[in-house]
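Me: I'd like to learn how to read a chain-to-chain interface and a strand in a model. Can you walk me through it?

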Amino acid sequence: MSELAIERQIDRSHMTISDEVAIQINNMNKWYGQFHVLRDINLTVQRGERIVICGPSGSGKSTLIRCINRLEEHQSGDIIVDGTELTSDLKNIDKIRSEVGMCFQHFNLFPHLTILENCTLAPIWVRKVPRKEAEDIAMHYLEKVKIPDQAHKYPGMLSGGQQQRVAIARSLCMKPRIMLFDEPTSALDPEMIKEVLDTMIELAEEGMTMLCVTHEMGFAQAVANRVIFMDQGQIIEQNEPHAFFNDPQSDRTKLFLSQILGH
Amino acid sequence: MTTLTDTPKQGFRLSQLIYDTRYRSITIQVIATVLIVAALWWLARNTVANLTALGKDFTLEFLGNRSGYDINQRLIAYDSNATHGRAALVGILNTLLVAGLGCVLATILGVIFGVLRLSKNWIVSRLAAVYVEGFRNVPLLLWIIAIFAVMTESTPSPKDFRGENPVASMALADNVAITNRGAYIPEPLFANGLGDVEIKPGGIFADLYFNVSIDLIVILLTLVASLLVVKLVNTRAADIQNATGVRPTTWWVNLLIIVAPIAALLWGLGFYLGKPELSGFNFAGGTHLRNSLLALWLALSLYTGAFIAEIVRGGINAVSKGQTEAAFALGLRPNRTMRLVILPQALRVIIPPLISQFLNLTKNSSLAIAIGYMDVRSTLGGITVNQTGRELEGILLVGLFYLLLSLAISTGMNWFNDRVKLKER
Ligand SMILES: Nc1ncnc2c1ncn2[C@@H]1O[C@H](COP(=O)(O)OP(=O)(O)O)[C@@H](O)[C@H]1O
Ligand SMILES: [Mg+2]
C-alpha cells in the first residue's frame, strides 16, 4: 500500500465514544450453499466508534458488513442494530436500512437521475420529506462534500472521486446514525483517493459511527479506534490501530501486514 | 475545399481519392450510388420492355374492377360484387387487426415470461425457459399450422351442441361456444345506440366507403377525457407530495374517474351483450372469431412473445445488481426500487429491440396464407393478382403498404422512446 494518504493532523479529542451500543453481533454464521463464509462472528460496536476491517480478498469482509443492513441474510446468530433485531420482519429491515447508510466500491449512483435527484430520492419516497425540504437537505450535504455546483449534472459526467463523494452525500441525506463503507476508494485513481478519505475523516470527526472495509492503512491509523483483521470468514484479531500495526499477534495478521505494508 | 489548403505544396493527386482518408469515404459513396442507380435503371427499363413485349402496361385500373371473389373474414361490408380495391381494404383491415392484437398479446406474454425467467423459483424459471426456447427455436409457420390444426381437430362441431343430450356444451355460463369453426363470443350491442356514420370518399375511391359506429367514437372520446382528468389528478398528487412530503392516495379516485363516466354512458346507450345462440346447424348472433384469426393471432403472439421475453430479461439484467442494492440500502422497498430505479433504466434498453419485434410480427402476419386468413397478402397480393394477372402492381402495392405500416409503427415507438428518455435524462 502507498504512503499514508493522510497529511492532515487529526484531532481525536472530540471523537467521543459513548457506552451506548450501536451494533451487536452474537455468534453469527452465514453460508453460501455449502460454503461457510462467516464463522461465529462476535462484534460489539459502540456509538461513535470508527472501525476499519481489513483482510485478504475473499475473507468475508463485504459479506459481514452487508449482513448489517440485510443486503445478505445470515443463517444463525443475532444481529441487533440500534436496539432493533434483524429478522425477516420487513418492518425491522426497513427501520434498520433507513438508519444505516452504505457506500459501495463502485458508487452505484443512479445514472438516470441528476446528482440532486439521487440525493432526494430516498428522503422523498422513504422519509416522506417535502421536495423543497429534501432539496435543501441535499444541497447542504453536497456542500459538505464540496460539490454543490454539480447538483444538476448526471453521475456519468463526474469523476470517480466526485461520484463517491456524491454517494456519501446521498447516504447522509437519510440522516443515518451508522455508516458502512465497502472499499470506497478501491475503484479510484490514486489522485482521487485523498478527496474521498478527507470526506470520510470529516464524517468521523462529527462523531458518526463508521464501519469501513478498506486497505488504506493511513486512514486506519488516522481515524480508526479499532482495526479488525478477518481471514477465512473469521475475526482473527482486533486492536487499537497503534498496537495492531506495531504489534500484531497472529501469524496470519503478520503475513497480511507484511504483504500490504512491506516491499 | 479547406482540406486542400492543408497540403499546399503537393496539390491534389488522383491517387488521394483511394489512399487519402479524407476523400476515400466520399469516393466509395459516389461509386456505390452510381452503381445502385444504374442497376435500378436497368431493372426498370428491362421490366417495362418485357411488359410491353407481353402486351402489358403498368396500371392500377384493375383496382376499380369487380373482384368476383368472397372473403369470409371481414370488418367492413363486402361481397363479390365489390371492387378489387375494396377487397384490398378488407385485407388491409384484417392485417391491421391481427397485427394490432398480436403486438398487444405478445408484449403481455413477453413481459410476464421475461420476468418469470428471472425468478428465483427453479420450476417457474425453468417453465419460462421452456416456453421461450420452444417457441423461438421452431419456425413460426409450423406453429401457425400446428395451432390451427389443434383448434380445428380437437374441438366439437356446431352440430354437437344440438339435441336433447348434446355432446358439447357452451362455456362460461352459456356465453362462449368453442367449435371447430371458431369461437362464438357475446357481441356488444346498444338498445338506444346512436347508429353509424358512413364515411364515403369520392372519385376513384368511391368503393372504399365504410361505417363507423358513433357509439364506439363516443366511448373512446369519453375514455380519452377520463384519462386526461386522471393525468391532472396525478399531477396534483405530485404537487401535494412536493409540498407536504406525503402523496395522497389516488388509485380509487382514478378508478372512479375512469369507470363512472363509461358506466353511465354504457347505461345511457342501453348496452347489452348479444349471446351466440344455436339456430339450425350453426350459431347465430354473437361475434364469430374464426379459427384462422385465432390461430394466427395466438401463434404470432406466442412466437414473438418468446423473443420479447428475452429482450425484457436482458433489459432488466442490464441494470446492474448494484443499483438494486444501493436502492435497498437507502431503504427503498422492492416495488419502489423497480419503478423508480430499475424500470426507467431497463426501458431504454428494451424499447429499441421491441420496435423490431413489432415490425417482425406485423410482417410475419403475411404467413396468414398458410391457414386461409384473408390478410392483405391473401386478397390484394393473392387472389386479386391471380385473377387480374397484375403481379407487379399487386406486389408493389402490398410491399408499399407494409413499408408504410412499418414506418408508422417505428415512428410511433421512437416517439414513445424519446419521451421516456427525455423524462429520465
Ligand atoms: N453471492 C455469493 N454466492 C456464493 N459465494 C459468494 C457470494 N458472494 C461472495 N461469495 C464468496 O464469499 C467469500 C467472501 O466474499 P466477500 O465477503 O466478498 O469477501 P471480501 O469482501 O473479503 O473480499 C468469497 O470467497 C466469495 O467468493
Ligand atoms: Mg469485498
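**Reading the A–B interface**

Reply: Start with contacts, meaning heavy atoms within 4.5 Å: 29 residues of chain A are in contact with 27 residues of chain B. This is a predicted model, where local features need pLDDT of at least 70, side-chain atom pairs count only at pLDDT 80 or more, and totals for chains, interfaces and linings use all residues. Residues are numbered from 1 along each chain as its sequence is written, chains are lettered from A and ligands numbered from 1 in the order in which they are written, and side-chain values use heavy atoms, with hydrogens and water left out.

Me: What area is buried between chain A and chain B?

Reply: The size of an interface is often given as the accessible area lost when the parts come together. Here, buried area (accessible area, 1.4 Å probe, that two parts lose on being put together, summed over both) is about 2500 Å², with carbon and sulfur atoms giving 58%. On the chain A side, A:Arg97, A:His112 and A:Trp125 lose the most area to chain B, together 28% of what that side buries.

Me: How many salt bridges are there between chain A and chain B?

Reply: A salt bridge puts a side-chain nitrogen of Lys or Arg within 4 Å of a carboxyl oxygen of Asp or Glu. The count is two, and A:Arg66 with B:Glu325 makes a salt bridge at 2.7 Å, N to O.

Me: Why is strand β9 of chain A largely enclosed?

Reply: Buried means under 20% relative accessible area, exposed over 50%, partly exposed in between (1.4 Å probe, protein chains only). Six of the six residues of β9(A), residues 226–231, are buried, so the rest of the structure largely encloses this strand.

How values were computed
Helices (H or I, at least four residues) and strands (E, at least two) are DSSP runs, numbered from the N terminus.
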